[in-house]
Amino acid sequence: MDYIITTLGNLVQQTAFLNLTWGNLVMIAVACFFLYLAIKHGFEPLLLVPIAFGMLLVNIYPDIMLHAEDAANGTGGLLYYFYVLDEWSILPSLIFLGVGAMTDFGPLIANPKSFLLGAAAQFGIFAAYLGAMAMGFSDKAAAAIAIIGGADGPTSIFLAGKLQQTAILGPIAVAAYSYMALVPIIQPPVMKLLTTEKERKIKMEQLRPVSKLERILFPIIVTIVVCMILPTTAPLVGMLMLGNLFRECGVVRQLTETASNALMYIVVILLGTSVGATTSAEAFLNLDTLKIVALGLIAFIFGTAAGVLLGKLMCVLTGGKVNPLIGSAGVSAVPMAARVSQKVGAEYDPTNFLLMHAMGPNVAGVIGTAVVAGTFMAIFGVM
């Protein structure tokens, strides 16, 4: 009888119910809310579903993220090994490979002025950097946090790992991916606030055709120029351009399909669940997390505003040929930000098609955020 009681007692002790804290319950509720947003409202489900589920798992069973050196048998938790690939910057770089293989750089090649709009949107990063320093974060932590302003999850993870800011990698990654998913909610009010109805109705001229030679040369030239100036950008910019070269050269169809489909989605699963699993209650529920989330939101708003304001300036300088709404697409959330530009423009004129025009700044923003990350690495002497 005693044996049965002892066995039942051990079973009860092993259940999660007795080990949950109020913090775990809060994070479980947050995870369920993210799942609701992703499934019910379609807010970037490919990102939010794995992130939210990783968040759910680690707060029910913390040992799923147990480090190998802390384990009695030397074997870490499942998601710990996924997370190691984040720390080594492997998964963020592979995401860039997939993004390059999926993205048409034609609008950017056809309208090189889009680079300016992509550059303007990086202003939010530097605003967040100064804000983080003012809030008491170290210079490296401030740089890692600031990249959230580019709305680029993989780059945020990449830089946090390179600058050895793993203690705040979880909040940074969750904030970055959450704001990427919430682009359709955050950006429109800023866009409408800074533009007039007349500006939103501006129709832009059709982009010129881009030749196959231009499409092939572009990723090669960008890689050479950017990586020669900032070699630290090679993992991100190099993978982005390699993926695009796969797409445009026309002779490696199998590699293009693999990079843009199977490999991309496998990496999203590994990256999403491991990022979500960094949000244990102990690591996430603190004042620094609230600061990071607030700074990320401010940076994202500043970046959106800077892009729109430069778009307004270009509108004036070109005699009304540029719709300022496309400036908001200068953040790195591809292609969500470009879709938002299209959607807001279509609200005021259903016959206005801004998507391809907005893709230019959107692609430029991806390159720009990677360049800013490389610049921070160069400043801090990190290779």
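These are my notebook entries on a predicted model.

**Ground rules.** I number residues from 1 along each chain as its sequence is written, and my side-chain values use heavy atoms, with hydrogens and water left out. The model is predicted, so local features need pLDDT of at least 70 and side-chain atom pairs count only at pLDDT 80 or more, while totals for chains, interfaces and linings use all residues.

**Overall form.** I looked up the secondary structure and found 20 helices and zero strands. Both are DSSP runs numbered from the N terminus: helices are H or I with at least four residues, strands are E with at least two. The C-alpha trace spans about 90 × 45 × 40 Å along its principal axes.

**Burial.** Buried residues make up 55% of the 383 residues. I use buried for under 20% relative accessible area, exposed for over 50%, and partly exposed in between (1.4 Å probe, protein chains only).

**Helix α16.** I checked residues 253–276, which form this helix of 24 residues. From first C-alpha to last it reaches 33 Å, close to the 34 Å expected at 1.5 Å a residue. The expected span is 1.5 Å times one less than the number of residues. I also found a kink of about 40° in α16, centred on Ala259. The bend is the angle between axes fitted to the seven residues ending at a residue and the seven starting there.

**Cysteines.** I searched the whole structure for disulfides and found zero. A disulfide here is a pair of cysteine sulfur atoms within 2.5 Å. The closest cysteine sulfur to that of Cys227 is in Cys249, 18 Å away, so too far for a bond. Cys227 is buried, at 17% relative accessible area. Cys315 also counts as buried, at 8%.
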